[in-house]
Amino acid sequence: LFMGNGEYQGSKVTNIDHFYKMVAIAEGFPTASAETELLPETQVLSVDSVGIRTNSYGDSHVLMRIKMSYQPNLTSYYRVTAFASHEWLDDGTGILQTFRERIYLDYDDYMVGVDFYTWSEQALYFTDKIRTNQEAVAEFIIQSYFFTGGNVKEIEIYVSQLSSDYYMYKKSVVLHEESSDIPIFSQPVQVFNNIEDGLGILGTAKAYVFSIDFD
């Protein structure tokens with residue numbers, strides 16, 4: 001395990017068919033355990049389209065559509081984050097400089113499949129049951145200033161499939177933070193927890209990486 005984004009992360013492989021279980025034992029404390037579903041090995045995501053769209057004000061942005069394999073009796077959960085890789089030659093030293101930054105992902109209400117957004121991660125969370133009257137497709141926007149500055153070489157988009165417990169944990173954290181910000185007007189929200197005899201979350205995620213080159 002290692003710490004990343006404030007969470008302990010690992011890449012342990014297991015041959016259990018459907019679930020992964022972890023047990024923690026410490027002298028003088030109850031044995032804590034948690035179980036999470038394993039994600040399928042099959043490819044569930046594909047890029048439906050990537051293009052540049054210009055609005056009525058003349059502003060351009062990248063519009064990306066992600067298509068998900070829809071299963072009527074099963075809901076799948078996803079998270080999207082993106083990074084821009086910058087590269088330029090320093091005029092004073094002649095040294096090639098590089099810089100990588102996390103991108104704020106935007107979306108319009110009329111085309112959303114997004115369930116919620118987290119500012120700390122700058123991530124969009126959504127499910128494959130976006131609306132009952134449309135395909136399982138999510139759309140989001142990358143604003144033009146991330147790729148028109150002249151030194152952006154690549155944009156990487158990470159679409160992660162999540163276990164349901166991990167998704168519910170993230171959603172409950174967002175709702176808890178919102179209720180804490182305005183405690184007078186909202187009821188307190190309990191953060192989702194799946195640790196027996198303990199506190200925390202055990203969840204799984206599988207990431208797909210899509211790249212857009214600007215050379």
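Two residues are in contact when heavy atoms of theirs lie within 4.5 Å, and with that meaning Ile142 is in contact with His61, Val62, Ile103, Leu105, Phe147, Ile155 and Ile157, leaving aside its neighbours within four places in sequence. The model described here is predicted. Its chain has 215 residues, of which 36% count as buried, and its secondary structure comes to one helix and 14 strands.

**The chain as a whole**

- Among the contacts in the chain with a separation of 6 or more, 62% are between residues 24 or more positions apart.
- The accessible surface of the chain comes to about 13400 Å², and carbon and sulfur atoms account for 51% of that surface.

**The nonpolar cores**

- The largest nonpolar core has 27 residues, and the members that touch the most other members are Val80, Ile103, Leu105, Phe140, Ile142, Ile155 and Ile157.
- Two or more residues of this core come from each of the strands β6 (60-68), β7 (77-89), β9 (114-118), β10 (123-127), β11 (137-143), β12 (152-162) and β14 (205-213).
- Apart from this core lies another, made of eight residues, among them Tyr77, Phe116, Tyr125 and Val174.
- His61, which Ile142 contacts, lies in strand β6 and has a relative accessible area of 8%, so it counts as buried.
- Not counting residues up to four places away in sequence, His61 touches Gly51, Ile52, Arg53, Ile141, Ile142, Gln143, Ser144 and Phe147.

- Strand β10 pairs with β7 in the antiparallel sense over four bridges, and Phe126 in β10 is the bridge partner of Tyr78.
- Strand β10 also pairs with β9 in the antiparallel sense, over four bridges, and here Tyr117 stands opposite Leu124 in β10.
- The strands β9 and β10 form a hairpin with four residues between them, and in the turn Gln122 has a positive phi of about 50°.

**Aromatic rings**

- Phe83 is buried, with a relative accessible area of 14%, whereas Tyr158, at 22% relative accessibility, counts as partly exposed.
- Tyr117 is buried, with a relative accessible area of 12%, whereas Trp119 is exposed, with a relative accessible area of 63%.
- Arg100 lies over the face of Phe83, at 4.2 Å from the ring centre.
- Tyr77, Phe116, Tyr125 and Tyr167 are linked into a cluster by ring pairs, and Tyr77, Phe116 and Tyr125 are also among the residues of the eight-residue core.

**An open sheet**

- Strands of a sheet pair through backbone hydrogen bonds, either parallel or antiparallel.
- Three strands, in the order β3-β4-β13, form an open sheet in which the pairing is antiparallel.
- The edge strands of this sheet are β3 (19-24) and β13 (195-196), each of which pairs on one side only.
- Strand β4, residues 32-37, runs antiparallel to β13 and is joined to it by two bridges, and Glu196 in β13 is the bridge partner of Ser33.

Key. Residues numbered from 1 in each chain as written. Predicted model: local features only at pLDDT ≥ 70, side-chain atom pairs only at ≥ 80, totals over all residues. Heavy atoms only, no water. Pairing = 2+ DSSP bridges. Core = buried A, V, L, I, M, F, W, Y, C linked by side-chain atoms within 4.5 Å. Buried < 20%, exposed > 50% of the residue type's maximum accessible area, 1.4 Å probe, protein only. Phe/Tyr/Trp six-rings, centres within 6.5 Å; stacked < 30°, edge-to-face > 60°. Lys NZ or Arg CZ within 6 Å of the ring centre and 35° of its normal. Areas by Shrake-Rupley, 256 points an atom, 1.4 Å probe, with all protein chains shown as cover.
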